[in-house]
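Subject: Structure handover

Hello,

Here is the structure you are taking over. Please open it first, then read the notes on charged side chains below.

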Amino acid sequence: MPATEVLNGDAATTPVTVIEAKGHNTDPAAADIQRGITQAHAHLPEVNLGYVAAPAPSITDTARAQARTLNVGVIGVDSTDTAHVVEPARVTGAGEFSTTIDAVRLQATTHRLTDGSFPVNHPKNYLGYALALAADGDTDAVYADNVINAISGGRRGAILLGLVDDQPTGDSLTHLGAEVIRFARQQHGSVTAALAEFDTWTGKSTRFTELAPRWAQLARSVAVQYEPTRLIITALERLHDSGIRDASLADVALEATRINQPLAVEVFFTQNRREDVLTADGDINESMLTDPTVYKSGIHFQFKYQLYHLGILTTGGTDDKDDVLSDTWRLAQAIGLL
């Protein structure tokens, strides 16, 4: 849509949009536009812009008023080749804090980093879910028997990291997930044999880079494609370049907000404390970064442990809020420190 036909258009530079299309086989004026408005509005927690597209004769004054109230745009379809904006949409929904597509994408998935925690703290657990999905038998049973019992956490981690695509028809491997299967067959001969090897790793605290170096390298390649991983690495590289070798969580979070504030807010801070972290003007209230309770436990515990197991960070994470701010963040191979 043209910029002049979007309200509050500066709230997101590359908004994610949903369009609900409504029509009627015989009478264009009978299209159920009000249902389309309701459906478009229901998607706003996941996207930035919501529209309903319907035959122009079906767009009543009542429907337009409803759309305005719900911040939904209305597109009138005049023919098979032409349409026009009847009511502009307002950038809202998932883009409340978003000025970049990275944060919108992270917010738009129902499997994003949540207020609780990143789901698993060892790389084998999300690789293992891809293997279980490809194996013969029930995925949940195979996963529980060979990897860990926290099935939902492993599944969510695999989805977060782009190994598995969750569809209404069921989970399926992505191209990246398929590469995990090919690697497993190359290394072990079969998916079953790979899962048996994974089973021997259960409960071991040995760093993954030492326990299974080739698998750790594969997992690292997967992890660096994940936006939060790249954000943390970039923030630490910049901190190391400025002379900070052993950064704190507050240091990393602040530097991350300078790189990409919308994404950093999503990654580091709990939903219910963002009003404390953000000022009325949308800036970072730096004094709040010394409060350990503003941070998601997933970032300083599970996710930090993953980055340690992959050889990216020098130390693992902590789930003790008293130690969060003193816990060290340092790249194992910082470009600026070589």
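Arg238 is partly exposed, with a relative accessible area of 39%. Here buried means under 20%, exposed over 50%, and partly exposed in between (1.4 Å probe, protein chains only). Arg238 forms a salt bridge with Glu255; their closest N and O atoms are 2.8 Å apart. A salt bridge means a side-chain nitrogen of Lys or Arg within 4 Å of a carboxyl oxygen of Asp or Glu. Glu255 lies in helix 12 (residues 249-268) and Arg238 in helix 11, so the pair ties together parts 17 residues apart in sequence. Helices (H or I, at least four residues) and strands (E, at least two) are DSSP runs, numbered from the N terminus. Glu255 is buried, at 8%.

This is a predicted model: local features need pLDDT of at least 70, side-chain atom pairs count only at pLDDT 80 or more, and totals for chains, interfaces and linings use all residues. Residues are numbered from 1 along each chain as its sequence is written, and side-chain values use heavy atoms, leaving out hydrogens and water.

Helix 11 (residues 227-241) also holds Arg230 and Glu227, three residues apart, about one turn of the helix. Their side chains meet in a salt bridge (2.5 Å, N to O). Arg230 is partly exposed, at 35%. Glu227 is partly exposed too, at 26%.

The count comes to 12 salt bridges. One of them joins Arg68 and Glu87, with closest N and O atoms 2.7 Å apart. Arg68 is in helix 2 (residues 61-69) and Glu87 in strand 5 (residues 83-87). Glu87 is buried, at 6%. Arg64, Arg68 and Glu87 are linked in a network of salt bridges.

Best wishes
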